[in-house]
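Let's take a walk through this one together. Keep the sequence and the 3D view open while you read.

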Amino acid sequence: MKVRDPRRRPAASGLAVLGAILLLALAALLAEHAAAERGWIDADSWLREALAALDDRQPSVWVLAGGIAAAVLGLWFLIGACLPARRSHLPADGDGDLWVSPRAVEAIASDAAERAPGVLHAASELRRRRLKVKALLAPGHEAAIADILESVGDRLAGIAELEVAVQAKEGGR
Amino acid sequence: MRRPALDRPLAVLIGLLLLAAGAAVIDWRFDLAGAWTRLDTGPVHEVVDAEWFAWAALAAAVVLVVLALWWLFARMPRPAEGRVALASASTDRIDLDARSVAPRLRADLERAAPVDRVTSRRFDVHGGQLVVLRAHVDPRADGESLVKAATGLDEAVKAAFPGGEVAVRVLVEGPRRERARKTPRVH
C-alpha cells in the first residue's frame with residue numbers, strides 16, 4: 001500500500017474557499033442582472049451600472065481601490081497556487097509508519113534538557129533539521145552543556161536525526 | 001479535509017482573471033498602455049442590451065453557483081468504507097468490518113507508548129485502508145519507546161492483514177498541556 005507523507009494543508013486549499021466565494025459573488029451579480037432585466041425585482045441592474053461607468057474618462061476612487069485590491073488578490077492566488085504543501089511531521093526510524101511533529105520533538109527535547117544536572121529551565125525550537133535548546137543553568141554548572149547534548153541526543157534517538165545546538169545562560173545567584 | 005485536484009488550476013485561473021481585471025483598472029486610471037483610450041464599449045453595450053443576454057446571464061449564474069458549491073463541498077471529509085475485502089485464493093469473498101480495527105489499535109498505542117488521547121481516522125487508499133492514529137506525546141517520552149510501540153503496531157497489523165488490506169500510521173503531536181507547568185524544575 002503506497003501512502004503519501006503527512007503534509008500540511010496547501011495554501012491553494014484555503015484559496016479555493018475564497019475562490020468559491022468569489023464565484024458565488026459573480027453568480028449573484030449575473031443573477032441580479034437577469035432578475036432586473038426580466039422585471040422579477042424592482043431594481044436597476046448592477047451589471048448595467050458597472051458597464052455604464054466604463055464610459056467615464058477615469059475610474060472613481062472606489063473602482064481604482066477595487067482594481068488594486070483585485071491585482072494584489074490575483075498575485076496572492078497565483079503565488080498560493082504554486083506553493084507546495086509542506087511536510088507536517090518528521091519521519092522516524094524503524095519499520096513502523098511513525099511520524100513525529102516538530103512540537104513533539106521540541107517538548108521531548110525541552111524535558112530532556114531540564115532533566116540534565118544543573119539545568120533550571122529549558123526551551124527548544126526546531127527549524128527544519130536544526131534543534132536549538134535554550135537553557136538556564138544554575139550558577140557554577142557551566143559543564144551542563146555537554147550533559148544537555150547527551151540527554152537530548154539519547155531521548156531523541158530513533159525519532160529524528162537533528163543538528164542540536166545549545167544556548168546556555170547562567171542564572172543569577 | 002480532502003484536497004480536490006482542481007484547487008491549483010482553478011486558483012491559477014482566478015488569479016490570472018483578478019490580475020487582468022486589476023491591471024485594466026490601473027491602466028484606465030494611469031493610461032500606462034493606452035488600451036483604455038482605444039476601448040470601444042459599443043459592442044459590449046449591444047450584447048448586454050440583447051434580449052438573450054439576460055437568460056445567458058441567468059444560465060451562467062446557475063453554472064457558477066453549481067461550480068462554487070461543488071468546489072466547497074468537494075473538500076468535505078468523506079467517510080471511509082466500513083468494510084474491507086480480504087485477499088482470498090478461492091472464489092469466496094470475505095469482507096471485514098474495518099471499523100472495529102481502529103479502537104483496538106488506539107488502545108494498543110495508548111498502552112504501549114508514552115502518549116495520551118489517541119484519536120483515529122480511516123482513509124480509503126489504493127488497495128485498502130489506512131488507519132491514522134494521532135496521539136499527544138508525553139514530554140517524558142523517549143524516541144526508542146515511541147519507535148518500539150509503532151513497530152509493534154505495524155507488525156500486529158501486518159500479521160492480521162498479510163495481504164496489506166489495512167495499514168496503520170502513527171502521528172505524534174505535541175503535548176496537550178505544554179504550558180501547564182509554569183514553575184521551573186529545580187534539581
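First, some housekeeping. This is a predicted model, in which local features need pLDDT of at least 70 and side-chain atom pairs count only at pLDDT 80 or more, while totals for chains, interfaces and linings use all residues. Residues are numbered from 1 along each chain as its sequence is written, chains are lettered from A and ligands numbered from 1 in the order in which they are written, and side-chain values use heavy atoms, with hydrogens and water left out.

Now to the interface. Chain A brings 81 residues to the contact and chain B brings 74 residues, where contact means heavy atoms within 4.5 Å. About 6,500 Å² is buried between chain A and chain B, and carbon and sulfur atoms give 67% of that; buried area here is the accessible area (1.4 Å probe) that two parts lose on being put together, summed over both.

What about polar links across the interface? The rule finds 24 residue pairs in polar contact between chain A and chain B, both residues being at pLDDT 80 or more. A polar contact is a pair of N or O atoms within 3.5 Å; within protein, one must be able to donate a hydrogen and the other to accept it, and residues adjacent in sequence count only if both atoms are side-chain atoms.

Which parts of chain A do the touching? Helix 1 (11-38), helix 2 (46-53), helix 3 (61-82), strand 2 (98-100), helix 4 (102-114) and strand 3 (119-127) of chain A each supply at least two residues to the side that touches chain B. Helices (H or I, at least four residues) and strands (E, at least two) are DSSP runs, numbered from the N terminus. Helix 1 of chain A gives the most to that side, with 17 residues. By type, the residues on this side of chain A split into 49 nonpolar, 13 polar and 19 charged. Ala, Val, Leu, Ile, Met, Phe, Trp, Tyr, Cys and Pro count as nonpolar, Asp, Glu, Lys and Arg as charged, and the others, Gly among them, as polar.

Salt bridges come next (a side-chain nitrogen of Lys or Arg within 4 Å of a carboxyl oxygen of Asp or Glu). A:Asp97 forms a salt bridge with B:Arg169, with the closest N and O atoms 2.9 Å apart. Within chain B, B:Arg75 and B:Asp7 form another, at 2.7 Å between the closest N and O atoms. B:Arg75 sits in the loop between helix 4 (51-73) and strand 1 (83-86) of chain B and B:Asp7 in helix 1 (residues 7-30) of chain B, so the pair ties together parts that are 68 residues apart in sequence.

Five strands form an open sheet in the order 1(A)-2(A)-5(B)-4(B)-3(B), with mixed pairing; two strands pair if DSSP finds at least two bridges between them. Strand 1 (90-91) of chain A and strand 3 (115-125) of chain B stand at the edges, each with a single partner strand, so one side of each has no neighbour in the sheet. Strand 2 of chain A pairs in the parallel sense with strand 5 (residues 166-173) of chain B over three bridges, and A:Leu98 has B:Val170 as its bridge partner.

Chain A also has a hairpin: its strand 3 and strand 4 have two residues between them, and A:Arg128 in the turn has a positive phi of about 55 degrees.

Finally, UniProt places a "transmembrane region" (unreviewed entry) at residues 52-73 of chain B; its positions are given in the numbering used here, feature names are shortened, and annotations may be inferred rather than shown by experiment. Those residues of chain B are 100% helix and 0% strand.
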